[in-house]
Amino acid sequence: MSRLAVLKTYKLYIGGKFPRSESGRVYEVLSASGDFLANAAKASRKDARDAVVAARSALSGWSKATGYNRGQVLYRIAELLEGRRAQFIDEIVSAEGVSAAAAAAQVDEAIDRWIWYAGWADKYVQVAGNANAVSGPFFNLSVPEPTGVVAVIAPQDSSLVGLVSAVAPALVAGNTVVVVASERLPLSAISLSEVLVTSDVPGGVVNILTGSPAEIAPWLASHADVNALDLVGAGSLDWVSLQIAAAETLMRVFAPENGADAAAPSLARVTQFTETKTVWHTKSLL
Amino acid sequence: MGGDLTESSLKRYLNGIPGVDAVGLEARAADLGSRSIKTTSKAWALDTIISLIDLTTLEGADTPGKVRSLVAKGLTPDAGDVSCPRVAAVCVYGDMVPYAVEALGAFHGDSVEGGINVAAVATAFPSGRASLAVKLADTADAVAAGADEIDMVIDRGAFLSGRYGQVFDEIVAVKEACRRADGSYAHLKVILETGELNTYDNVRRASWLAILAGGDFIKTSTGKVAPAATLPVTVLMLEVVRDWYRLTGEKIGVKPAGGIRASKDAIKYVVAVAETAGEEWLQPHLFRFGASSLLNDVLLQRQKLATGHYSGADYVTID
């Protein structure tokens, strides 16, 4: 008698837990050749709201952790991702219909980017900050501080590397993230959340929603408790309306990026989610 | 009760009250908490909740300034929306009553006339571990300072030891200490501290005891002991109040306090009140929420209903 394979139930990742969608909805995820792969949870606006609440409550701890500590935690994600390399390659092969070599290249690139961004965690302040010259006996220091809760619409044409490229830089500076994964390729995103939950990332720092970005994005854009909106993967949505909704609460908004490697790694992706704080301190006591 | 009121007759009466079906009570509470309250019903519920809140600050670090900002918040919960109702009362420690009265000024008064009452905790709150003389002085002091309502704690140690008569006499004495110079009485809320009573049977007995002794309100908890207010305990106390009303025609109030932080939870209590005691209980003279952080969550929900998008903590005051 042949064994029946045990299929995985793909759920959301909110506040360090794996809830089903509050709405109870799922949608079919198909392989590149049109075969059924799995049912993924279809997040509703209330799941998005819960995710923002989780991200907000995780913000204080994560943003107050030292850059050195955040770097270690991000590095740890890469370590665990490396251990699950084979699983991610399998998932990408079946979801994207690419060769095993191409899938392996994508997973390796995703792991390398975690490492690259982890390295920035205790260095970006030195590069983006400044000791300003002022006309008096004062230290005048400008330092980048995290923006807060960042909502991300992940690149839609990539299973893993697009998601990692959009999420990792926001985490470096101490922001917390609510990310809407690729609608067509959501399974690797949920597998990534299994990596996150077993690494040292506190619950709520990353929250992953699967479902329709067109349905969820307007609620995140108009949410008054979201501080920045990264529309990197929202090119096919009515993103001008999202910008207008976000403007109501003075949210930082970053426009969609197109091309093969949307959200290519750069220091700018780290510093765009920071606010500059300038402090004065007297020199006279020295 | 029939016969003279003695320690033994009180004990016989309270111990003769039928036991509580704990599983049934919890299932009933869970069922009441599963109702879906949306759109206009939700808007009504949120406004009702605000008008039933005893906005509370009971910290050792309280200052006159904190009490003044509490009063300002109670008068104008949402500075951006004039249609937002006022809270029912502010609840403070006894020594803070004069500052609350002063900050309220002309708005000090009954919520029916658009005012806000001042409630004070007394009788060596939250433990209640002081001599009766100290408890009575504590109470009389708060009443003289202008408190409209007194939240007293029962002696849980005496209650759990079965000395019901002592608890009864203390409530009666505190009630007398609530008497003002003009002969009127400050409202007396009796805190049972259900988290320390251990069983539902005890909660039911303590509720009857507090009502028999003359309490105007029965209140779940001080908020200093976990578990504080829970829905099953509140449903049980509402049932006692309902039974008392059927027996005597007198309406006693109920105040769950402590641990109710989300609008969603508060709405469950509103449903429980309407379904257990009756909708006429949903008014400040008969039902209150003892809460501090609940108000901000209700305001966020109100803003969501008004604007259509989710609001955030930046749009309500920091308390």
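Tutor: In chain A, strand β3(A) and strand β4 (residues 138-146) run antiparallel and are joined by three bridges. Two strands are said to pair if DSSP finds at least two bridges between them; the strands themselves are DSSP runs of E with at least two residues, the helices are runs of H or I with at least four, and both are numbered from the N terminus. Within this pair, N132(A) has N140(A) of β4(A) opposite it.

The model is a predicted one, in which local features need pLDDT of at least 70 and side-chain atom pairs count only at pLDDT 80 or more, while totals for chains, interfaces and linings use all residues. Residues are numbered from 1 along each chain as its sequence is written, and chains are lettered from A and ligands numbered from 1 in the order in which they are written.

The pair belongs to an open antiparallel sheet of three strands in chain A, ordered β3-β4-β10. Its edges are β3 (130-132) and β10 (274-282) of chain A; each has a single partner strand, so one side of each lacks a neighbour in the sheet. On average, neighbouring strands here are turned by 25° against each other, direction ignored (axes are lines fitted to C-alpha atoms, for helices over the stretch in contact, and angles run from 0 to 180 degrees between N-to-C directions). In a regular strand, side chains alternate between the two faces of the sheet.

Chain B holds an open sheet of eight strands with parallel pairing, in the order β7-β6-β5-β4-β3-β2-β1-β8. Its edge strands, β7 (253-255) and β8 (289-291) of chain B, pair on one side only. From one strand to the next, the twist averages 25°.

Within this sheet, β5(B) can be followed to both of its partners. Strand β4 (residues 149-153) of chain B runs parallel to β5(B) and is joined to it by five bridges, with D151(B) partnered by K189(B). Strand β6 (residues 217-219) of chain B also pairs with β5(B) in the parallel sense, over three bridges, and there V190(B) has I218(B) as its bridge partner. Four of the five residues of β5(B) (residues 187-191) are buried, a residue being buried if 20 or more other C-beta atoms, placed from the backbone, lie within 10 Å of its own, exposed if 12 or fewer do, and partly exposed in between. Together with helix α9 (residues 200-212) of chain B, β5(B) and β6(B) make a right-handed β-α-β unit; right-handed means that, with the strands pointing away from the viewer, the path from the first strand over the helix to the second runs clockwise.

Elsewhere in the sheet, β2 (residues 89-93) and β3 (residues 117-121) of chain B run parallel and are joined by five bridges, and A89(B) stands opposite N117(B).

One residue of chain A may close this look. V98(A) is placed in the loop between α3 (85-96) and α4 (100-120) of chain A. It counts as partly exposed because it has 17 C-beta neighbours inside 10 Å. Its C-alpha atom is separated by 8.6 Å from that of A32(A), 66 residues apart along the chain.
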